[in-house]
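Please examine the sequence and the structure before reading on.

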Amino acid sequence: MINDLWYKNAILYCLSVGTYMDANGDGIGDFTGLMRRLDYLHGLGITAIWLMPFQVSPQRDDGYDVADYYGVDPRYGTLGDFVEFTHAAEQRGIRVLIDLVINHTSNEHPWFKEARKDPHSKYRDWYVWSKKKPANANTGMVFPGVQKSTWSYDEEAKAWYFHRFYEFQPDLNTSHPEVQAEILKIMGFWIQLGVSGFRMDAVPFIIATKGPDVRKPEEQYDMLRMFREFLQWRQGDAIVLAEANVLPDTDMEYFGDDGDRMHMMFNFQVNQHLFYALAAADTRPLVKALKATKPRPATAQWGLFLRNHDELDLGRLTEEERQIVFAAFGPKKEMQLYDRGIRRRLAPMLDGDQRRLELAYSLLFTLPGTPVIRYGDEIGMGDDLSLPERNCARTPMQWSNEPQGGFTKSEKPRLPVISGGPYGYEHINAAIQRRHPESMLNWTERIIRMRKEVPEVGWGDFTVIPTRDPAVLVMRYDWRNNWVLFVHNFDAKPREVTFSVGLDGDNAGYGKLLVNLLAEDHSRADGSGKHRLVIEAYGYRWYRVGGLDYLLRRTEVDAPLHAKTGRRGDGMAAFPPARSQGKMRP
Ligand code: GLC
Ligand code: CA
């Protein structure tokens, strides 16, 4: 197994250049401004930045409508500024991932302009057309309630074109070899400029078959392998982090049975069930989601998140579960979006209650995968529901209590800075929080530091330990002869739980001592080997199993496969061969 796959234990932080820091005072964040905030990010302890789209764009979908893949939107700076930025990040040991939005272009992209103008242009085939209105034109919208159809008539082309998203985002014909070659060229371009990989937008749609006669789109998974091969040939440590909100039984298609497709995927399944667990103090569906998404090649990794730049999509929950989450976190219509989600930021959803925020973040940092933080959540920023759709949770970063939160010297920032009320920049900002040891910002910095010292979470194999109390989640990770154990109480009331660590054979003795990594209350098992602890409302515990000499016990390779079952723990795949669990065993 390769030891140093950086993404297995990274701390990702996502941000939009346009709302992070404006250096030249025009009201729009820029690369120069972002560069000056790199020391802040370095201090926070993050190890990689995911930049939302910053390429040339009419900005009708926050940059997810690209009009030139090879340039920086002049609002944000120049290509030169971009390279200065990636260099400055690298100097601080911070990697940069960028969004790769190639399911569709903007309708103002020169390719689309050519395509609609001239039926003989080579670009015509780069998009998806139909002479007649396709029968399924009013189905499959990604933004129901806002988006009316998936096919629109183009006067100039005198034909219908396909758009999975908004009508100004015509889909690229991604099955076309020339389009595929162009995608690789785009990847190669940015790799050359210093990025460590891509967050690939809308992956299930990129690989789906498209066309007026396609009733049930089929995924062409091997495209994913092609992207990966190209990347790894050009730059060995570059990765793809796929946005694919899919059901667990297709996860392995995305990762590839041999770990030969996507390096990372966002875990939407766990995300939605985590919010249900937080809303209902019931961890059972979350445990199911954790188990369902467990199978993955040893080299692959989940990207975990709480909130991102989109709505909190609850589409995978049952109707009953969804209603419970709505009632708890987004009861008003204006808080909901696209009939399936909540558009608020995390802090207002949790009533700005730091105990609950810490609980949510502690989970983000200890569930299996690599955490992805959203800018502003580290200080508990709020939302502005007067802004349309997802923009409510995309307001500028609040740096200080200076005018406009210190984001810009302009009086007219691109999106308004949140001002007044409990989440206004006057109270919620990085400068004030830096001065308070117990602030969300300083808590986040400390928890990131601790997360880096428990690589077991990123690398190890997990077991959910039964407690008989659905409000409490106890998980153990095993990696290289070491174990960590986490306890989370989702309830608003204190709980008492009893459990045993569950190590057997030579290791059973270690399970008698749990050393608390964050506070002084350690736990010793009783005579029967059980731990009994009282955990306060929304409480969390991070324990090392067996004492702090654990580093001396760490082995250079993972424990050998279990002699009888041929399995390691309860099933993380070995490498090689990295088959999906439960299937082949050597
Ligand atoms: C992805 C992005 C979203 C965007 C859409 C279209 O879902 O996360 O923000 O609107 O793709 O590109
Ligand atoms: Ca600017």
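What is the distance from an oxygen atom of ligand 1 to an N or O atom in the side chain of D310? In this predicted model, the distance is 2.4 Å. Oxygen atoms of ligand 1 also approach side-chain N or O atoms of H309 and R390, as the table sets out.

| Side chain | Distance from an oxygen atom of ligand 1 to an N or O atom |
|---|---|
| H309 | 2.9 Å |
| D310 | 2.4 Å |
| R390 | 2.9 Å |

When ligand 1 is taken alone, it exposes 310 Å², and the protein buries 96% of that area. Ligand 1 is located in the largest pocket.

Which residues are around ligand 1? They are D61, Y64, H104, F143, F165, R199, D201, E243, H309, D310, R390 and R394. Sorted by class, this shell contains seven charged, three nonpolar and two polar residues.

The second topic is the sheet. An open sheet is formed by three strands, arranged in the order β13-β15-β14, and their pairing is antiparallel. The edge strands, β13 (312-313) and β14 (336-337), each pair on one side only. Strand β15 comprises residues 341-342 and pairs with β14 over two bridges, in the antiparallel sense. Within β15, G341 is the bridge partner of L337. In general, the strands of a sheet pair through backbone hydrogen bonds, either parallel or antiparallel.

Key: Residues are numbered from 1 along each chain as its sequence is written. Chains are lettered from A and ligands numbered from 1 in the order in which they are written. This is a predicted model: local features need pLDDT of at least 70, side-chain atom pairs count only at pLDDT 80 or more; totals for chains, interfaces and linings use all residues. Side-chain values use heavy atoms; hydrogens and water are left out. A residue is near a molecule or strand if one of its heavy atoms lies within 4 Å of it. A polar contact is a pair of N or O atoms within 3.5 Å; within protein, one must be able to donate a hydrogen and the other to accept it, and residues adjacent in sequence count only if both atoms are side-chain atoms. Accessible areas come from the Shrake-Rupley method with a 1.4 Å probe; for residues, only the protein chains shown count as cover. On a 1 Å grid over the protein atoms alone, a cavity is a set of points where a 1.4 Å probe fits but cannot get out, and a pocket is an open set with protein on both sides within 12 Å along at least five of seven lines; lining residues have an atom within 4 Å of a point. A molecule sits in a cavity or pocket if more than half of its atoms lie within 2 Å of its grid points. Ala, Val, Leu, Ile, Met, Phe, Trp, Tyr, Cys and Pro count as nonpolar, Asp, Glu, Lys and Arg as charged, and the others, Gly among them, as polar. Two strands pair if DSSP finds at least two bridges between them. Helices (H or I, at least four residues) and strands (E, at least two) are DSSP runs, numbered from the N terminus.
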